[in-house]
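Subject: Structure handover

Hello,

Please find the structure below, followed by notes on what was found in it.

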Amino acid sequence: MELYVHIPFCVRKCRYCDFLSMPADEETRNRYVEALCHEIEYYGKVFKHSSQREAGNEKETIFSGSQQIETIYFGGGTPSVMGAEALVCILECIRNSFDVIEDAEVTVEINPATIDKNGLQNLRENGVNRLSIGLQSANAEELKLLGRIHDYEDFLSVFSDAVEVGFKNLNVDLISSLPGQSVKSYLESLEKVIALKPEHISAYSLILEEGTPFYEVYSQRPDLLPDEEEDREMYHLTKEKLGEAGYGRYEISNYAKPGFESKHNSGYWKRIPYLGLGLGASSFMNHTRWKNISDLKEYLQIWGQTDFENNGDFVRCGQEKEADGTGKCCPIYEEYERLTLQDEMAEYMYLGLRMSEGVSLERFEACFGRKMPEVYGDVLKKLAEQGLLVIEQQKDRVYLTDYGMDLSNYVFEKFLIL
Ligand code: SF4
């Protein structure tokens, strides 16, 4: 199983961002750590309780199954604004509550100018072995336009500090197709990052998310954004330059040196169960997806003061939620959905096909008791004829071609409308 821990705080809101994140004072951040630790302890008990039920042959719950934690991912927001001590304290709480495997991948998202060398060292000494650094662009104008709090020098400083304190698995995030960005300017950012030789690079195209200042401006003025042709050129250059530099593209927007693919993110695309902790965090296990409440005040109130000794309550609560169908009886979730077989098969396809290795025909059958060509035969045939997908029966693989990756949204829709 994987753990995701959401830290919803940032120094200030970037202009393109629609993530669940906000600025917060120190007192609120401290209360959040306390509440989060209660939540972690609570779920630790729930999983233990669940395995005792299994051992006693009692009815399974959505928390049944393996409790070993293979990856932990601190995302946000900006986890590094909490300070290294708080993150280490949360990590300790996780280790006390769950069975974390010895070589678990432990990632923390950090932003330049929010953590110093001592903080990085503290994280490294306490078992964090992967950092994901939000650079987004190496160009001063572009960073300013995005509303980022850092400049390129801040990034260089945090990157070299991370290397010096012993991190050997670093990711750098980049965004292309920014307003006013030329292909040349994007290429400069990309080449600067490649020169630093991080183990992993995530390169996304900007998406205008409704409700953001960027959406307000640029949905009215698309002429200020790179046009389709430039956008495609940046996308193809990313693939080309990173390939030349020895990075394998293992997912539509993710590239890694061999052996440094993100285990946590790969688990998500492979539908490995995960538990989301913290404000608005999502979880998936045993045919069920749910999402924690995203109102900070409510979250702090519920997890800040409740005594969760009766650890059967919310397990039951989830089941009641299914039965009454209103989604209102349980105070800790704002969404809760039992997936149908159809949902799960579609998810298996459109999540798995994001990865270059694609999906396995045998695993599909083992998971769902039906053969993939029986369920999706017509779609697969049509996509293969269009040159978007390859079916290799002998190698037990179905995967997208480069062209299919370019048109991935079109491909994924085909599995959704069945
Ligand atoms: S730092 Fe990241 S999460 Fe925070 S506002 Fe900026 S883009 Fe959003």
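Ligand shell

The ligand is surrounded by Cys-10, Lys-13, Cys-14, Cys-17, Phe-19, Ser-21, Gly-76, Gly-77, Thr-78, Asn-111 and Gly-134; a residue is near a molecule if its C-beta atom, placed from the backbone, lies within 6 Å of it. By type, this shell holds four nonpolar, six polar and one charged residue. Here Ala, Val, Leu, Ile, Met, Phe, Trp, Tyr, Cys and Pro count as nonpolar, Asp, Glu, Lys and Arg as charged, and the others, Gly among them, as polar.

This is a predicted model, in which local features need pLDDT of at least 70, side-chain atom pairs count only at pLDDT 80 or more, and totals for chains, interfaces and linings use all residues. Residues are numbered from 1 along each chain as its sequence is written.

Gly-77 lies in the loop between β2 (68–76) and α2 (84–97). Helices (H or I, at least four residues) and strands (E, at least two) are DSSP runs, numbered from the N terminus.

Cores

The largest nonpolar core has 78 residues, and Leu-3, Ile-94, Ile-133 and Leu-277 touch the most other members. Helix α1 (residues 26–55) gives the largest share of this core, eight residues. A nonpolar core is a set of buried Ala, Val, Leu, Ile, Met, Phe, Trp, Tyr and Cys residues joined through C-beta atoms within 7 Å. Buried means that 20 or more other C-beta atoms lie within 10 Å of the residue's own, exposed means 12 or fewer, and partly exposed is in between, with C-beta atoms placed from the backbone.

Leaving aside residues up to four places away in sequence, Ile-94 touches Leu-3, Ile-40, Ile-72 and Val-100; contact means C-beta atoms, placed from the backbone, within 7 Å.

Helix α12

Helix α12 (residues 341–352) has 12 residues and reaches 16 Å from its first C-alpha to its last, close to the 16 Å expected at 1.5 Å a residue; the expected span is 1.5 Å times one less than the number of residues. Its buried residues are Ala-346, Tyr-348 and Met-349. They are on the same side of α12, because they cover an arc of only 155 degrees around the axis. The arc is that of the directions from the helix axis to the C-beta atoms. The cover over these buried residues includes α13 (361–368), α14 (372–385) and α16 (408–416).

Met-345 is also found in α12. It counts as partly exposed, because it has 19 C-beta neighbours inside 10 Å. Not counting residues up to four places away in sequence, Met-345 touches Phe-368 and Val-375.

Helix α3

In helix α3 (residues 117–125), Gly-119, Leu-120 and Leu-123 are buried. These residues fall within an arc of 100 degrees seen down the axis, so they line one face of α3. Asn-118 and Glu-125, on the other side of α3, are exposed. Among the elements covering the buried residues of α3 are α2, β3 (99–110) and α5 (152–164).

Positive phi

Lys-197 is not a glycine, yet has a positive phi of about 55 degrees. Lys-197 is in the loop between α6 (183–196) and β6 (200–205).

Regards

Methods. Contact = placed C-beta atoms within 7 Å.
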